[in-house]
Amino acid sequence: MHGEYKVPGGKLVVVDLDVQDGRLRNVRVAGDFFLEPDEAILDINSALEGAPADTDTAGLKNRIDVALPESAVLFGFTSESVAVAVRRALAQATDWSDYDWQLIHAAPQPPALHMALDEVITTEVAAGRRPPTLRVWEWDAPAVIIGSFQSLRNEVDAAGAARHGVTVVRRISGGGAMFAEPRSTITYSLAVPEALVSGLSFADSYAYLDDWVLAALGDMGIKAWYQPLNDIATELGKVAGAAQKRMVGPGGGPGAVLHHVTMSYDIDADKMLDVLRIGKEKLSDKGTRSAKKRVDPLRRQTGLPREAVIEKMIDSFRSRYGLTRGEVTPEELARAQDLVLSKFQNDEWTARIP
């Protein structure tokens, strides 16, 4: 069995192993990380050798920590990342390069249709009828997108939304409210097979699926990092927030993961504050006293037009994993339009938590 795990912001950890009589055998750890002393790699292998195959990540990490000498220095990886690679090997997890990725980047569409397309496309990936897909959104109207479990009236100032012509929609994933305007926001979705994140914890899957965009920002000269649980941050402030939804496959089999991200290109903070109810508790949790200071737009950090930032992100993804241009099929669009009418433009859904 073979497992790989790219540490977010770090190095690649590779594990090859066999399972015999329910235990790990012939364990070989490798990667482009740094480790001192040199022979500590043998200690890691020995720590994992013979471990029960159902040992969880924490248990595997503990075995490695106990076996390593106090003088050991791990750079670019951790004992936990080795444990994750083992679990991914046992789960027969796939890698980004195992797939033929498809790009969808269409003309501007209504907020409710974007919500529906996320659901339909991820369902299609779960069913194996569509390849893993990167969809870059274009908005035809300003919107507030609230999380699946948020209270509508607690998050949105209805008068402010009406005053600024902002459409309010509820997405199928959890997380917090996002403020989006057509020329000020960059939004994308990844619809990926569950196998891509097999062996990862829920939190680790966020970092893993965000790693490519951190690299893309790095290509533009921005040092960015994953900030648990679901933010992308830079030295100047937060630039993006992510959310996820897991979908079960046909017959309860392996499904797919929807991972979508909203990035602030050039946010109108005053308008955002007039539309969103951002409480003091949320601000204090982020270590700041002003919502304006929480977000630092990409326009200022890159100096590039919005379209150029998007193209550089797409090019970065393509250079790493390959990417073929595609489109929403007529059948997918018809199903999404039905969902708009029956769900995403329906008060029963949008105000399901008043």
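Modeller: Rings of Phe, Tyr and Trp (its six-membered ring) pair if their centres lie within 6.5 Å; planes under 30 degrees apart count as stacked, over 60 as edge-to-face and the rest as tilted. By this rule the chain has 15 aromatic pairs. Please keep in mind that this is a predicted model, where local features need pLDDT of at least 70, side-chain atom pairs count only at pLDDT 80 or more, and totals for chains, interfaces and linings use all residues. Residues are numbered from 1 along each chain as its sequence is written, and side-chain values use heavy atoms, with hydrogens and water left out.

Biologist: Which class does the pair Tyr 5 and Tyr 208 belong to, stacked or edge-to-face?

Modeller: Tyr 5 and Tyr 208 are stacked, with 6.1 Å from centre to centre and 25 degrees between the planes. Helices (H or I, at least four residues) and strands (E, at least two) are DSSP runs, numbered from the N terminus. Tyr 5 sits in strand E1 (residues 2-6) and Tyr 208 in helix H7 (residues 202-219), so the pair links distant parts of the chain, 203 residues apart. Both Tyr 5 and Tyr 208 also belong to a cluster linked by ring pairs, whose members include Trp 96, Trp 212 and Phe 317.

Biologist: Are Tyr 5 and Tyr 208 buried or exposed?

Modeller: Buried means under 20% relative accessible area, exposed over 50%, partly exposed in between (1.4 Å probe, protein chains only). Both Tyr 5 and Tyr 208 are buried. For another geometry, look at Phe 344 and Trp 349: their ring centres are 5.9 Å apart and their planes stand at 80 degrees, so this pair is edge-to-face. Phe 344 counts as buried because its relative accessibility is 1%, and Trp 349 is buried at 14%.

Biologist: How should I read the two faces of a strand?

Modeller: In a regular strand the side chains alternate between the two faces of the sheet. Take strand E6 (residues 102-105): Gln 102 and Ile 104 on one side, and Leu 103 and His 105 on the other, are all buried, and both faces are covered. Two strands pair if DSSP finds at least two bridges between them. E6 runs parallel to strand E7 (residues 133-136), joined by 4 bridges, and Arg 135 in E7 is the bridge partner of Ile 104.

Biologist: In what order do the strands E8, E9 and E10 lie?

Modeller: These 3 strands form an open sheet of mixed pairing, in the order E9-E8-E10. Strands E9 (167-170) and E10 (178-180) each have a single partner strand, so they stand at the edges with one side left without a neighbour in the sheet. Strand E8 (residues 143-146) pairs with E9 in the parallel sense over 4 bridges, and Ile 145 stands opposite Val 169 in E9. Contact means heavy atoms within 4.5 Å. Helix H4 (residues 111-126) packs on the sheet and touches E8 and E9.

Biologist: And what can be said about the whole chain?

Modeller: The chain has 13 helices and 16 strands, and buried residues make up 52% of its 354 residues. Of the contacts with a separation of 6 or more, 70% are between residues 24 or more positions apart. Its C-alpha atoms fill a box of roughly 65 × 45 × 35 Å, taken along the principal axes.

Terms used. Axes fitted to C-alpha atoms, helices over the stretch in contact; angles between N-to-C directions.
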